Amino acid sequence: MVQTRPDPLFFRMRHIIAILLQNEAGALTRVAGLFSTRGYNIESLSVAPTDDPTVSRLTLVTSGSDQVIQQIASQLNKLVDVVNVLDMTRGEHLERELVLLKVKVDPAHTDAVRGQVVRSGGRVLDPAVEGFIVELTASEAEVNSFVADLGSRAELLEVVRSGALGISRSARPLRTRPAPAGA
């Protein structure tokens, strides 16, 4: 039997895409609409204003082949509200996700749970036994592991995740495009 390697054009990979978007009514809807009308899935989405109040930064996680992601970026760049697009996945970047967990803790295990949270780099926000609330900021893999580990010691009542946020390590920050020459 001959083994073949998967064609890289069809290999699905997780991508973190940063989008600078004009802070206009309906801009986010147009970006989300581009994904839904073309059948692309948005795994997580986070958006907030930048230091420029007229521009928001949207961080989006999706999966697809390199060809599909290039097509998405090209289509995003055609939207009037989109200022700039960067697929951070291929370059050096930092990625973090925030998780808030509410757990029911057996009073006999409170110290063990608190210790596990602290060892993981998290914080206890509210130590109430019936609604012990903790937070952790870490990579997606670390958050997944933390949720699973904590769920084995306490009853998970509520899980709230921000989705990935990312920033490129490149010396060139993602900023608004300079005005065209002669404008």
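User: Across which strands does α2 lie, and at what angle does it run to β4?
Analyst: This is a predicted model, in which local features need pLDDT of at least 70, side-chain atom pairs count only at pLDDT 80 or more, and totals for chains, interfaces and linings use all residues. Residues are numbered from 1 along each chain as its sequence is written, and side-chain values use heavy atoms, with hydrogens and water left out. Helices (H or I, at least four residues) and strands (E, at least two) are DSSP runs numbered from the N terminus. α2 lies across β1, β3 and β4, and its angle to β4 is about 165°, where axes are lines fitted to C-alpha atoms (for helices over the stretch in contact) and angles run from 0 to 180 degrees between N-to-C directions.

User: What is the strand order of the open sheet of four strands?
Analyst: Two strands pair if DSSP finds at least two bridges between them. Pairing in this open sheet is antiparallel, and the order is β2-β3-β1-β4.

User: Which strands are the edge strands?
Analyst: An edge strand here pairs on one side only. That holds for β2 (44-49) and β4.

User: What angle does the direction of α1 make with that of β1?
Analyst: α1 packs on the sheet and touches β1, β2, β3 and β4. Contact means heavy atoms within 4.5 Å. The angle between the directions of α1 and β1 is about 150°.

User: Why do the buried residues of α1 line one face of the helix?
Analyst: Buried means under 20% relative accessible area, exposed over 50%, and partly exposed in between (1.4 Å probe, protein chains only). The buried residues of α1 (residues 27-37) are Ala27, Val31, Leu34 and Phe35. Taking directions from the helix axis to the C-beta atoms, these residues line one face because they fall within an arc of 95°.

User: Which residues are exposed on the other side of α1?
Analyst: The buried residues of α1 pack against β1 (13-22), β3 (55-64), α2 (66-78) and β4 (82-87). On the other side, the exposed residues are Thr29, Ser36 and Thr37.

User: Which residue of β7 is the bridge partner of Glu97?
Analyst: β5 and β7 (residues 132-138) pair in the antiparallel sense over seven bridges. In β7, Glu97 has as its partner Ala138.

User: Which residue of β9 is the bridge partner of Glu95?
Analyst: β5 (residues 93-104) and β9 (residues 165-168) run antiparallel and are joined by four bridges. The partner of Glu95 in β9 is Gly166.
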